[in-house]
Amino acid sequence: MASSLTTTDLQGSLPLIARGKVRDLYEVDDKTLLFVATDRISAYDVIMENGIPEKGILLTLCTQRWFQILQEAIPTLRTHFITLDLPAKIPASLRPVLQNRAMQVRKLRVLPIEAIVRGYITGSAWNEYKKSGTVHGIPVREGLKESEAFPDGPIYTPSTKAEQGEHDENIHPDKAVEIVGEPYASTVAELAVKLYKTAHAYALTRGVIIADTKFEFGVDEETNEVVLADEVLTPDSSRFWPKDSYEVGRGQQSFDKQFLRDWLVKEGLKGKPGVRMSDEIAQKTSEKYREAWERITGGN
């Protein structure tokens, strides 16, 4: 099985700013960061001991392609993406490993919420709905079945952005207003739904249903504009279903880390630290990520 890159060391060429669940962030200059997507994978807020081969490359290329698709459809959209080219300071010996898994991005003031948009009722939303008839505290029409599209269109269901090792908390949109303030909260809510609808329509033409996804936004301190940041519409941040086998009333197959989550639950390892995936689970998860990328982008 191909090896995976679970940590990075730029040999002092750029200062390390932070290590997230998946990405290592380095400072290029006072306006630019280098986002390096490793092959780390987390499930239920726990990072696995081993990685998913090629995952970081697939996430980076998938994000770059989605930025293109979204900006073509929404010309006013601003993103943090600058280039896949590596900074000049990166040593030649590291370039083959980093190429296509690193992107230079604009430094932003990141807004501390996850902008989740749900087009279909599944996962934690389905569990809440069964108990209380709500999703993130929002009343939803009675009588929905699992995996059904929300009858009035996709809904914005934000969450808090937890520190590593902590759990994101589902919140009502009104709470998001309290956290980030206006006009940012309204802009994020409106833009997130618009981005979801645009991506959902595109993915359907490629045989993929985007059931839900998570966006992150930042503010350009110079212009005060809201900017789309982080990764977008990858198997890490989204729930992708194959259109040809979709059926209301049950859970769906998916091109994402649900395969890994299901294995953790079955083995009694959900939420436990220090878990090492079997080679078979790592390889099958890698294949799911690659299939999602190939379906959506055509593999290029």
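Reader: At what angle do the axes of α1 and α7 cross?

Author: Roughly 20°, with the axes of α1 (residues 55-73) and α7 (residues 279-297) coming within 10 Å. That makes α1 roughly parallel to α7, where angles under 35 degrees count as roughly parallel, over 145 as roughly antiparallel, 65 to 115 as roughly perpendicular and the rest as oblique. Axes here are lines fitted to C-alpha atoms, for helices over the stretch in contact, with angles from 0 to 180 degrees between N-to-C directions. Helices (H or I, at least four residues) and strands (E, at least two) are DSSP runs numbered from the N terminus.

Reader: Before we go on, what kind of model is this, and how are residues numbered?

Author: It's a predicted model, so to speak of local features pLDDT has to be at least 70, and side-chain atom pairs count only at pLDDT 80 or more, while totals for chains, interfaces and linings use all residues. Residues are numbered from 1 along each chain as its sequence is written, and side-chain values use heavy atoms, with hydrogens and water left out.

Reader: Back to that pair. Is the crossing of α1 and α7 left-handed or right-handed?

Author: α1 passes α7 in a left-handed crossing. Left-handed is when the near helix is turned anticlockwise from the far one by less than a right angle, and right-handed is when it's clockwise.

Reader: Which residues meet there?

Author: On the α1 side you have K55, L58, L59, L61, C62, R65 and W66, and from α7 come S286, Y289, R290, W293, I296 and T297. Contact means heavy atoms within 4.5 Å. By class that contact has 8 nonpolar, 2 polar and 3 charged residues. Ala, Val, Leu, Ile, Met, Phe, Trp, Tyr, Cys and Pro count as nonpolar, Asp, Glu, Lys and Arg as charged, and the others, Gly among them, as polar.

Reader: And what about α1 with α5, which angle do they pack at?

Author: About 110°, with the axes of α1 and α5 (residues 184-205) 10 Å apart. α1 and α5 are therefore roughly perpendicular to each other. R65, W66, I69, L70 and A73 of α1 meet L195, T198, A199, Y202 and A203 of α5. That contact divides into 8 nonpolar, 1 polar and 1 charged.

Reader: Switching to charges: how many salt bridges are there?

Author: The structure holds 22, a salt bridge being a side-chain nitrogen of Lys or Arg within 4 Å of a carboxyl oxygen of Asp or Glu. One of them joins the side chains of E222 and K31 at 3.1 Å, N to O. E222 is in the loop between β14 (208-219) and β15 (226-229) and K31 in the loop between β2 (23-29) and β3 (32-37), so the pair ties together parts that are 191 residues apart in sequence.

Reader: Is E222 buried or exposed?

Author: E222 counts as exposed, at 64% relative accessibility. Buried is under 20% relative accessible area, exposed is over 50%, and partly exposed is in between (1.4 Å probe, protein chains only).

Reader: What about I209, where is it and what does it touch?

Author: I209 is in strand β14 and is buried, at 4% relative accessible area. Leaving out residues up to four places away in sequence, I209 touches Y120, H200, L204, R239, F240, W241, K243 and Y246.
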